Structure formats: C-alpha cells, structure tokens
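Subject: Structure handover

Hello,

Here is the structure I promised to pass on. Please open it alongside this note.

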Amino acid sequence: GLPDPCLTGSQACALPISGPMSLPADGSSTPSKAAVPPKPVPPNLLTRRFIVVEGLYRDYADVVDLPRVVALAKQFKYRVILDDTVGFGVLGATGCGTPEHFGLTPVQEHIDIYVGALSNALGCVGGFCVGSTPMVEHQRIMSTGYCFSASSPTLLPVAAKKALELLLANPGWCDVLRSHSALAATLLRSTLPPGVDLGHHPLSPMFHLRIAPSELPEGEAAREAA
C-alpha cells in the first residue's frame with residue numbers, strides 16, 4: 001500500500017487502495033469532520049496525499065462530480081489522480097474525457113495525474129499517464145527501471161496515435177455515440193420488469209441492471225444497504 005494517506009472514490013474499480021476518507025462517486029458529500037484536517041493545510045507545506053477517482057465509473061456507470069473533487073483537493077491540499085479509462089473518448093465535446101466535460105481545461109491545472117487505458121475508445125493495448133511537467137519528470141526519475149524496459153511494440157502506439165487523430169478530427173462521433181446510447185437506454189427500459197432499474201449516467205454508453213432492494217432476499221438487501 002501507499003505510505004501516505006490516500007483518499008479514494010468509494011466505487012473506484014481496479015484500485016484496491018483505501019484511505020482514511022471516503023468520497024461518494026458523485027462527489028456530492030463532504031468527507032466527515034473526523035476524517036478531514038481541522039484546518040486548511042498551509043500552502044507552503046509539502047504533502048503526499050491523494051484523491052483517486054474515476055471519471056466515468058466502470059462498475060456503476062456514474063460520472064464523478066469532478067469540480068467538487070478538485071475543490072476539496074485544493075481546500076485540503078490533496079493531489080488528484082483521475083483514472084479516465086472509460087470517460088476518455090466518451091465525455092466532453094470532442095471526447096477528451098471527464099475534465100473537458102466539466103470545463104476543467106487545461107487538464108494539468110486541475111488534475112495532478114491523469115491516467116487511462118488505450119483499450120477502450122482507442123481500441124489498442126496499453127495505457128497513458130500524463131500531467132504537469134514536474135510530475136512527469138518526477139515519475140520518469142523515480143519509477144523503477146522495468147517501466148521503461150518493457151515498452152510496447154511500435155505498432156501499438158502508432159495505432160493508438162492514429163485512433164486519437166481520428167477522434168479529434170471527428171468530434172461528431174461523440175454525439176453519435178450519445179444518441180445511440182440514449183436510444184439503447186430507452187429501448188432497454190421499456191423491456192425491464194418491475195423492480196429492475198437501468199442505472200447509469202445519461203451520457204454513459206454502459207448500462208447496469210440494478211435490482212431494487214425490496215426485490216432482494218433479506219440477507220442480500222441488508223448487504224446492499226450496508
């Protein structure tokens with residue numbers, strides 16, 4: 001685990017990191033008073049504390065309230081790590097992800113570490129990690145050697161680069177995706193039985209069937225409530 005406190009989204013997928021605070025995926029609730037520092041941290045004090053969230057949550061199809069998260073991070077001097085694996089290529093006017101969707105651009109001024117996979121919107125293999133110049137230089141110097149000795153085959157980054165160029169050259173593709181997603185959601189909802197809901201954000205192309213607690217066995221309902 002990490003040697004320092006790490007604030008994680010309560011629904012972050014593939015991130016088995018926990019910390020002293022928990023933030024709902026929508027970012028709407030303020031962490032409890034016992035969990036947050038009683039006073040704002042002095043601006044000149046160096047900290048190694050992180051808020052780790054997803055943009056568009058894979059396991060719930062919710063979109064994080066990123067402006068709220070960024071505001072909390074600045075107030076209590078946390079660094080924001082955003083995994084936008086699913087949101088990149090889906091959210092935003094040109095598909096540039098959750099920060100663009102909320103108008104938080106340029107990204108490096110609001111998000112300290114922006115990561116994602118190339119296997120979704122770009123249809124490739126691998127991932128990316130971007131941020132401000134000091135963060136990138138620190139990562140380059142402090143990362144272990146195998147991060148650079150196990151590079152992807154040349155054809156993979158070339159294919160991802162071409163896919164990114166096509167995405168940026170055709171911003172209307174995102175509108176088509178949203179239109180198709182809305183139609184699919186409407187058709188699915190019309191076929192669902194009572195007690196089953198189609199839980200997802202209106203802009204999400206992913207859908208999760210959620211059974212109402214009243215329809216679950218008593219033990220399962222208790223676990224869902226917990």
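Predicted model: local features only at pLDDT ≥ 70, side-chain atom pairs only at ≥ 80, totals over all residues.

The protein chain has 7 helices and 8 strands. Of its 226 residues, 34% are buried. Take the contacts with a separation of 6 or more: 58% of them join residues 24 or more positions apart. The chain exposes about 13,100 Å². Carbon and sulfur atoms supply 61% of that area.

Next, the core. In soluble globular proteins, nonpolar side chains tend to be buried together. Here, the largest nonpolar core holds 23 residues. Those with the most contacts inside it are Ile51, Val53, Val64, Leu66, Leu82, Ile111 and Leu122. Four elements each supply at least two residues of this core: strand 3 (50-54), helix 1 (66-76), strand 4 (79-83) and helix 5. Helix 1 gives the most, with 6 residues.

Now helix 5, which runs over residues 155-169. Its length checks out. Which of its residues are buried? They are Leu156, Ala160, Ala163 and Leu167. These four cover an arc of only 60° around the axis, so they sit on the same side of helix 5. The face turned away from that buried side carries exposed residues: Leu155, Val158, Lys161 and Ala169. What covers the buried residues of helix 5 includes helix 6 (172-189).

Cys174, Arg178, Ser181 and Ala185 are the buried residues here. Their arc around the axis is only 60°, which puts them on the same side of helix 6. On the other side, His180, Thr186 and Leu187 are exposed. What do the buried residues of helix 6 pack against? They pack against helix 5 and strand 7 (196-199).

Start from Leu156, Ala160, Ala163 and Leu167, the buried residues of helix 5. Then go to helix 6, part of what covers them. From the buried residues of helix 6, carry on to strand 7, which they pack against.

Over to you.

Best wishes

Technical notes: Residues numbered from 1 in each chain as written. Heavy atoms only, no water. Expected span 1.5 Å × (residues − 1). Buried < 20%, exposed > 50% of the residue type's maximum accessible area, 1.4 Å probe, protein only. Arc of directions from axis to C-beta. Contact = heavy atoms within 4.5 Å. Areas by Shrake-Rupley, 256 points an atom, 1.4 Å probe, with all protein chains shown as cover. Core = buried A, V, L, I, M, F, W, Y, C linked by side-chain atoms within 4.5 Å.
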